[in-house]
Amino acid sequence: MIYKIKCILGVLFISAQVLAQENNPAKQFWDTLQSHCNNAYEGTLIFPKEDKTFGDKKLIMHLRSCNDTIIKIPFYVGEDKSRTWILTYQNDRISLQHDHRHEDGAEDDINFYGGTSTNKGKANIQFFPADVHTQTMIPKAATNIWWITIDDTTFTYNLRRLGTDRLFKVVMDLKTSIVPPSAPWGWKD
């Protein structure tokens, strides 16, 4: 009898773990991103329209490097190949870091800033408030909140600096993949 109870409890425990993973919004978000690995997409700057760095330039993201815990997404702005978004999945949380490189591949002085989600978020949106490293490196970015949304047709990368008018939004069209661009600065093909 005790053996049967232990077996039943074991099956219930395993079933609960499987169900928890299936209902984990951070994991669902991660799996959706993973489904786009090796694909490149073109996008549009939504805010601010008059931005000198991003406005009127071809914007491309390429989910170039993916494994179970890290997804690296180079973000191309015209001919500028300096930016890579690095997403890391660990302990049901997702972190976002920004890797900035010079044309020779050397790290920029302002690098690896970002934040980690404070909860499991939702399957279609994750928020990343500025972490301590970011606040120390870029004091004016201490109130930054980045967020990424994803659904069947779009991926958005967003930034809001609380207490200011700073707002940034890029929308990438996931309906049609494009030919992936060459390697970003600092990467080997």
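Select Arg101, which sits in the loop between β6 and β7 (113-116); helices (H or I, at least four residues) and strands (E, at least two) are DSSP runs, numbered from the N terminus. The model is predicted, so local features need pLDDT of at least 70 and side-chain atom pairs count only at pLDDT 80 or more, while totals for chains, interfaces and linings use all residues. Residues are numbered from 1 along each chain as its sequence is written, and side-chain values use heavy atoms, with hydrogens and water left out.

Show the side chains around Arg101. Its side chain makes a polar contact with the side chain of Asp99 (2.9 Å). A polar contact is a pair of N or O atoms within 3.5 Å; within protein, one must be able to donate a hydrogen and the other to accept it, and residues adjacent in sequence count only if both atoms are side-chain atoms. A polar atom of the Arg101 side chain also lies 3.2 Å from the backbone oxygen of Gly105. Not counting residues up to four places away in sequence, Arg101 touches Ser82, Ala106, Glu107, Asp108, Phe112 and Trp185; contact means heavy atoms within 4.5 Å.

Next, select Arg83 in strand β5 (residues 80-90). Arg83 counts as buried because its relative accessibility is 13%, where buried means under 20% relative accessible area, exposed over 50%, and partly exposed in between (1.4 Å probe, protein chains only). Its side chain makes a polar contact with the side chain of Asp80 (3.2 Å). Beyond neighbours within four places in sequence, the contacts of Arg83 include Phe75, Asp99 and His100.

Stay at Arg83 and look for the largest pocket. Which residues lie nearest its centre? They are Arg83, His100, Tyr113, Leu159 and Arg166, out of 23 lining residues. The elements giving two or more residues to this lining are β5, β6 (93-100), β9 (144-150) and β10 (154-161). On a 1 Å grid over the protein atoms alone, a pocket is an open set of points where a 1.4 Å probe fits, with protein on both sides within 12 Å along at least five of seven lines; lining residues have an atom within 4 Å of a point. The pocket holds about 480 Å³ of space.

Now select Phe75. Arg83 is among the residues that Phe75 touches, as are Met61 and Trp85. Phe75 is also one of the members of the largest nonpolar core that touch the most other members, along with Met61, Leu87 and Phe155. That core has 34 residues; a nonpolar core is a set of buried Ala, Val, Leu, Ile, Met, Phe, Trp, Tyr and Cys residues joined through side-chain atoms within 4.5 Å.

Move to Asn38, in the loop between α2 (25-34) and β1 (40-47). Is Asn38 buried or exposed? Asn38 is exposed, with a relative accessible area of 55%. It has a positive phi of about 75° although it is not a glycine. Asn38 and His62 are 24 residues apart along the chain, with their C-alpha atoms separated by 6.8 Å.

Two stops remain in the loop between β1 and β2 (59-62). Pro48 is found there, and a cis peptide bond with omega of about -15° joins Phe47 and Pro48. Asp56 lies in that loop too, with a positive phi of about 60° although it is not a glycine. Asp56 is exposed, at 89% relative accessible area.

Notes:
Points joined across faces, edges and corners; volume = space filled by probe spheres on them.
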